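Me: Please take a close look at one part of this model. Start with the whole and then go down to a single pair of residues.

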Amino acid sequence: MEEKQIIFRKDYKKPDFLVPEMGLYFDIQADYVEVKAELTVRYDGEGKACETPWILNGEDMSIEAVEIDGRALNSEEYTFEGNLLTLTGLADESLVRTTVRIDPYNNTKLMGIYRSGDILCSQCEAEGFRRITPFPDHPDILTRYRVTIEGEAPVLLSNGNLVSEETRGKRRVVTWEDPFPKPSYLFALVAGDLGHIEDSFTTMSGRDITLRIYTDRGNESRAYHAMDSLKAAMKWDEDNYGLEYDLDLFMIVAVDAFNFGAMENKGLNIFNSAAVLADREITTDAGLDRIAGIVAHEYFHNWTGNRVTCRDWFQLTLKEGLTVFRDESFTEDTTSKGVSRVHQAISLKQVQFPEDSGPNSHPIRPESYREIDNFYTPTVYRKGASVIRMIHTLAGAEGYRKGIDEYFRRHDGQAVTCEDFLLAMEEGAGLDLSQFRRWYSQSGTPLLKARTEWDGEGNYTLTLSQETAPTADGSPKEPFYFPVHGALRRRDGSLLREETFIVKEKERQFLFSGLKEEPVLSLLRDFSAPVNLDYPQSREDRIFLLGQETDGYSRFSTSRELSLELLQVGEGPEVLVPPFEALLNDKTQDKELTALLLTLPSVDDVADLVRPLDFVAARAKRSDFKSRLGKALEDSMLPLYESLLGGEYAYDRTGVGRRALKAILLDYLVEADRAHLSRAEKLYFESDNMTDRSAALRVLCRFPGEEKERVLAAYYDKWKDQFLPLTQWFAYQTMGEGIYENVLRLETHPAFRKDNPNMVRALYGGLLQNRAEFHAPDGRGYRFLAERISELDKINPGMAAHLAGGYYRCRQLEGGQKSEMVKALESILSASPSPGVREIVENTLRSS
């Protein structure tokens, strides 16, 4: 495939030509779409317009006509080579018209306009608009769009407000107008036969906004949870940021074929159906929470991303990091803050930290890229959100709000940079973020070392030091600037003091004097900074904090570290029995948090305890440890489990907590004694919600047996005609041991669709998540996935690149296993991969 050039942030140059206005006319036919564009072009360069070529991006299209200021050009008066249309001879102000034909019906890349079932829809971020019409497809070109769509579909949608519609025989013609300038990546179009639900929201200034969510007909009833989440997000944004919605209409469309979770197109969000459609029958509690968060995230983009957008793609975290922080804060306020912070920390530690230490390490604001789609990463999103959270901590709630207000005051309607954001925060919040800027330019996860000393005379000294290991991108590693929330407790459990320690130097000491006894210290409360903590605390102090600490994340971290310590030295789980018994017997404890505190470290965590990496051994060690712990606690767990059965279903935090605790108890019971598999089967058939059914399935699918086969057969029979639950049926069967025969059989199943990202994630992504199976010592997991990546790359390069990132452990492997992974990666390169896949694979091989 064509080799893409590396693009560097330092080479940014503002555009010579701007496009303040644009009209689009889509003529949708049965086998093609004709797109006519009328672009108002204004010269903004330093020389003469007539001597400056104007270069437009255009991919997978045939050009039918080009016209400048009313004069039609022949094919010799422009060039269209290498996906670039070059025009010359423009005036300071010109009117350019183009006519092209595109084929969305065979567009399997799912970028530009493509078909999802019987629906035509679009995805333009980051570089999809160039597959629709010739355009300078960069985010610093802000344009007002007027869009007319002609077709037979009863629903024809685009951004903004509907200004006209008419019927011409069997065809409809509608026109949409968006009054706000936006970059091309926010353009959206939908055409199809869709049902919808409708509601309204009255803004804080008294404006009534119409809200619509469109779905495939028959799925309308499953959109109400998303609608409730949308209204909650709109109210939350007004209350917490003073931001209200700015159009008359807000729309969401759910489609089955979508590479991502959702897209924040101005006024017309397009969602993966898995991020919209929900009810208790097909959606777990975690899925309902996830949908609420995604709906909020995309809505919040209306200001942090749309009204103020990115100057270039190196600034991606400007909109994504800030918006993720906003949606995390929304989730904390609408669910359980402690539980939410634990889940957010788990996501960062299990996904982003490995990326920071892996072959594709990069700062939240990268310095270069070959394929921008490869930088829609946990680093840019999740770590970027943690960076914003630290600014919030350093500024305080009031200072942060002043900084955000200043940011919007300065930059509403502009395409700006991370530096612009930081300058506004400094001015509004009164901060000096000079050193803090290193979070934007340096990759890597700092290691925070904590050491304490008690002199027996009332003086307690805390020494904090930081270091950051070298990373694959070679970025410098100067000291970071971050806050560390901590607390000191008396031995009776009472709080002595809370403190936020500011770490800026390589090492710093903090002295506490006049104490009557040595306190117990908890650090990194609320996961206040994206760092690893090395604090060799005594086992007694950890057990004390597990019972006495009030911060959810600190308790979870303490439980995790205690378990890892026992697993590392090869001790049994007996030390955990008393504190876990106390958790089980605590009737006042948040059950959702209890479930998290009882959760053992992952196979990845256990594998990282020793070298060479051995995921099969780690799985066995974890399973044995869990089985012994389950046996020791069985007399407490079983009656508690039975007490949680039955009752009315409610999606509230009490109900969510009961189901979460029920699930972890069942998991332990079955691990301790396979006789409890019958309880899992019973739970599946007697439950009235997907949360309980999923808990049963996750347990049953780890162990072969009649119970598993009966439940899987019943599940398929019930859901075989419904896309979302059917997708999960594939995912469940990637759990457990010896799954290769399952995966080989399932990928030939008539319901499996390799061209659908959700199904690809379920089956092949499920294999990746099953670490012991993917990292089988004989390399079969590596070979299998490499073959599938090469096949998928011809269909959907974005999904192939996503899967290719799963080989990030290469440089940590040794011996024959490493050789097997290297050979698998080399086989991908030998298949002439797409630029995105090539970039990831070459980085992985280079770092290994």
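Reply: A residue is called buried if its relative accessible area is under 20%, exposed if over 50%, and partly exposed in between (1.4 Å probe, protein chains only). By that rule, 60% of the 848 residues of the protein chain are buried. The model is predicted, so local features need pLDDT of at least 70 and side-chain atom pairs 80 or more, while totals for chains, interfaces and linings use all residues. Residues are numbered from 1 along each chain as its sequence is written, and side-chain values use heavy atoms, without hydrogens and water.

The protein chain holds 25 helices and 31 strands (DSSP runs, H or I of at least four residues and E of at least two, numbered from the N terminus). Its C-alpha atoms fill a box of roughly 85 × 65 × 60 Å along the principal axes. Of the contacts (heavy atoms within 4.5 Å) between residues at least 6 apart in sequence, 69% join residues at least 24 apart.

Now the part itself. Five strands form an open sheet in the order β17-β18-β19-β21-β20, and their pairing is mixed (two strands pair if DSSP finds at least two bridges between them). The edges are β17 (194–202) and β20 (262–263); each has a single partner strand, so one side of each has no neighbour in the sheet. Strands of a sheet pair through backbone hydrogen bonds, either parallel or antiparallel. β20 pairs with β21 (residues 268–272) in the antiparallel sense, over two bridges. In this pairing, A262 stands opposite F271 of β21.
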